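Dear colleague,

Please find the structure below, handed over for your own work.

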Amino acid sequence: MKTLGFAAGVAATITLLSSTSAFAVTEISWWHAMTGANNEVVNQLSDEFNKSQSDYKIVPVFKGTYPETLNAGIAAFRAKQPPAIMQVFDAGTGTMMGAEGAIKPVAEILSMGGQAFDKSQYLPGIVAYYSKPDGTMLSFPYNSSSPILYYNKDIFQKAGLDVDNPPKTWDQVWDAAKKIKSSGAAPCGFTSTWLSWIHTENFAAWNNLSYGTNENGIGGTDVELKINAPAFVKHFQELADLAKDGTFKYGGRTSEAKQIFLAGECGIFTESSGGLGDIVKSGMNYGTGQLPYEADAAGAPQNTIPGGASLWVFAGLPEEQYKGVAAFFNFLSQTPIQARLHQVSGYLPVTLAAYEETKKSGFYDKNPAREIPIKQMMGKAPTENSKGVRLVNLPQVRDIENEELEKMLAGQQTAQQALDNTVARGNKAIQEAIGN
Amino acid sequence: MSPRVVFPNKILPYLLVAPQLAITLVFFYWPASQALRQSMLREDPFGLSSKFVWFDNFKKVLSDPNYLNSIQVTAIFSISVAAVAMGTALLLAVMAEKVVRSRGLYRTLMIWPYAVAPAIAGMLWLFLFNPSIGSLAYGLRWLGINWDPLLDGSQAMALVVAAASWKQISYNFLFFVAGLQAIPKTLIEAAAIDGAKPFKRFWTIVFPLLAPTTFFLLVVNTVYAFFDTFGIIHAVTGGGPGKATETLVYKVYNDGFVNLILGDSAAQSVILMIIVIALTAIQFRYVEKKVHYG
């Protein structure tokens with residue numbers, strides 16, 4: 001913090017010396033949770049924006065992990081010193097939406113910047129996720145991703161599988177995974193990050209199954225979970241059975257399984273499209289495919305739902321700051337910036353124009369993996385099952401899912417028991433969270 | 001009875017304790033009263049609406065099976081950590097006493113781990129025993145053990161107990177070495193002349209004379225296992241698998257800062273405060289009386 005303050009001080013001094021208009025600069029703090037290469041992108045974007053004009057200055061501050069950033073923001077709000085912009089992860093969206101008096105809708109802010117806000121320019125699947133039931137966009141999508149399938153081509157070759165045709169349905173995945181294991185091509189066939197996000201929330205949307213009542217919470221906060229329906233039970237029982245002999249290997253609740261895949265232990269892997277960077281960096285001979293679906297689910301594949309994070313703006317700030325935030329968001333929405341962000345970071349583009357431009361440039365011919373999540377999200381108009389999952393306490397419900405699924409994978413309970421427990425405990429937690 | 005100091009000035013003694021009182025007020029009574037207040041409120045994370053509910057949060061917490069599970073986990077964890085950390089340290093201290101050459105070097109090496117931060121210690125053990133990349137995990141698997149702390153609750157518990165104890169052994173070692181040095185050699189020599197074997201000498205002379213040290217360490221280790229092991233659990237298991245390693249302190253954090261249920265979390269910290277006050281009172285009142293101070 002001291003170094004940061006010092007650096008900011010130095011920067012301020014330099015600005016003061018270099019231009020006289022600096023006296024009118026409005027500082028806008030941006031709390032975020034980006035590490036490594038993504039942190040550099042945040043700093044670079046702020047830098048470019050600050051240089052592009054002289055009225056506002058974005059000050060990015062790293063606040064730790066996603067939950068830590070959210071907590072820091074909440075604590076700051078309670079202490080009446082919130083930042084202007086805060087990055088909140090997908091699962092925290094419901095929490096922020098529930099806090100109506102604490103936030104200012106981004107749609108409102110964008111029109112304060114002088115430009116009329118045109119929602120149709122933005123990718124519908126993403127915008128819908130960050131909007132109120134009446135369609136008002138509440139937060140600015142910054143980094144969006146969706147789960148896709150990765151596979152290790154060397155392991156596929158050794159196991160005698162078709163290197164150019166990744167499995168499309170879950171049954172095909174299980175068959176391929178068993179073959180990888182039995183042929184000795186790798187010690188494990190399949191692993192996955194985020195069982196909650198990929199195998200429950202996205203599994204529901206992609207197969208057009210209901211995750212919970214009230215449009216999975218998009219239509220209202222009072223939600224009854226539906227994830228103990230037969231299709232979910234079947235899927236998780238298959239996973240539990242495969243876990244017994246190690247054909248499926250569990251890595252952990254969040255992204256830990258990536259290490260297992262990168263170490264060449266498992267042949268097939270489902271993970272966020274945002275995880276591509278690390279796989280490319282590892283130098284693995286990898287392939288990508290769409291997220292698998294259930295062959296017998298009616299209408300599957302439907303569409304996947306976004307993960308990642310969006311930028312929220314706190315309420316009760318001076319007018320000047322909002323104008324600055326609007327200018328910054330308009331800056332971020334520019335086609336060249338969005339196209340570059342998308343191509344460099346692997347996040348989805350936020351605007352349609354950026355997608356079109358990237359397509360025209362021939363980028364996807366060379367990097368087909370980058371287009372998979374976009375196609376998954378844009379293929380079909382979302383149904384009431386596939387707009388997203390929004391619970392006031394989604395992190396807590398995910399925790400409950402993880403706890404019960406871990407007990408299931410350890411052989412202490414069946415998939416039916418695990419999901420029944422999840423639904424019972426989850427429903428109780430949701431009712432408490434909405435104040436009943 | 002220690003002699004009483006009588007101050008001629010009436011205000012001076014209060015002035016002398018004032019800094020300590022101020023610190024206690026700011027860092028203990030004020031936050032404690034805040035926790036107490038919060039524990040009777042039901043509030044949304046942002047504090048936009050809040051309702052005074054008296055003891056409802058306590059009722060809810062105490063009837064929650066997960067909380068009872070957490071009490072059990074904490075009991076197993078604390079007893080294991082205290083036993084392993086103190087047992088190993090005592091063994092090492094007695095052994096180090098027997099070393100004749102470069103005793104100082106041995107001691108320094110033993111004390112070293114104490115300087116490692118809890119989260120770092122946790123990461124260290126996490127990597128060593130990571131099922132896919134850990135070097136010691138390979139060894140365990142080679143021995144035919146199906147090592148998977150990500151799913152096996154007892155293995156996860158063993159891992160956090162090991163990491164937490166490992167960090168505390170140095171501290172205990174230091175005190176046991178000091179305690180051993182305070183025991184007059186003549187007593188042991190006299191016993192040896194009377195024909196007592198080393199084990200008998202340890203059990204009948206050394207161990208009872210170490211009782212004050214052991215008692216002190218028991219208190220310190222229990223408090224350590226209760227409160228200072230959060231970093232290790234956070235880094236190694238995150239309370240999982242299931243809720244197998246969710247101790248009381250970890251649950252306070254998880255409910256308050258991850259799940260944002262502030263009332264429950266505050267009620268739990270108030271209960272924790274009561275437990276600690278009770279524990280300390282019992283230990284000093286009853287256990288201390290039985291300790292022989294030589």
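Leaving aside neighbours within four places in sequence, A:D278 is in contact with A:K258 and A:L262, where contact requires that the C-beta atoms of two residues, placed from the backbone, lie within 7 Å. Please note that this is a predicted model, in which local features need pLDDT of at least 70, side-chain atom pairs count only at pLDDT 80 or more, and totals for chains, interfaces and linings use all residues. Residues are numbered from 1 along each chain as its sequence is written, while chains are lettered from A and ligands numbered from 1 in the order in which they are written.

A:D278 belongs to helix α13 (residues 276-282) of chain A; helices (H or I, at least four residues) and strands (E, at least two) are DSSP runs, numbered from the N terminus. A:D278 is partly exposed because 18 other C-beta atoms lie within 10 Å; the scheme calls a residue buried at 20 or more other C-beta atoms within 10 Å of its own, exposed at 12 or fewer, and partly exposed in between, with C-beta atoms placed from the backbone. Between the C-alpha atoms of A:D278 and A:E100, 178 residues apart along the chain, the separation is 37 Å.

Strands of chain A

Strand β1 (residues 26-32) of chain A runs parallel to strand β2 (residues 56-62) of chain A, and seven bridges join them; pairing requires that DSSP finds at least two bridges between two strands. Within this pair, A:I28 stands opposite A:I58 in β2(A). β1(A) also pairs with strand β3 (residues 85-89) of chain A, in the parallel sense and over two bridges, with A:W31 opposite A:M86 in β3(A).

Nonpolar cores

The largest nonpolar core has 127 residues, of which A:A177, A:I268, A:V313 and A:V325 touch the most other members. Such a core is a set of buried Ala, Val, Leu, Ile, Met, Phe, Trp, Tyr and Cys residues joined through C-beta atoms within 7 Å. A second, separate core of 37 residues includes B:F77, B:W125, B:V160 and B:L209. Beyond its neighbours within four places in sequence, A:V325 is in contact with A:I28, A:A84, A:I85, A:I109 and A:V313.

Backbone features

Most residues other than glycine have a negative phi, and most peptide bonds are trans. A:N208, however, has a phi near 55° and sits in the loop between α9 (195-206) and α10 (213-216) of chain A. A:N208 is buried because 21 other C-beta atoms lie within 10 Å. A:N214 has a positive phi of about 60° and lies in helix α10 of chain A. The peptide bond from A:A300 to A:P301 is cis, with omega near -5°, and A:P301 is found in the loop between β9 (286-289) and β10 (307-313) of chain A. In chain B, the bond from B:G240 to B:P241 is likewise cis, with omega near -10°.

Chain B and its interface

Chain B contains 13 helices and two strands, and 32% of its 294 residues count as buried. The C-alpha trace of chain B spans about 75 × 75 × 30 Å along its principal axes. At the interface, 18 residues of chain B are in contact with 25 residues of chain A.

Yours sincerely
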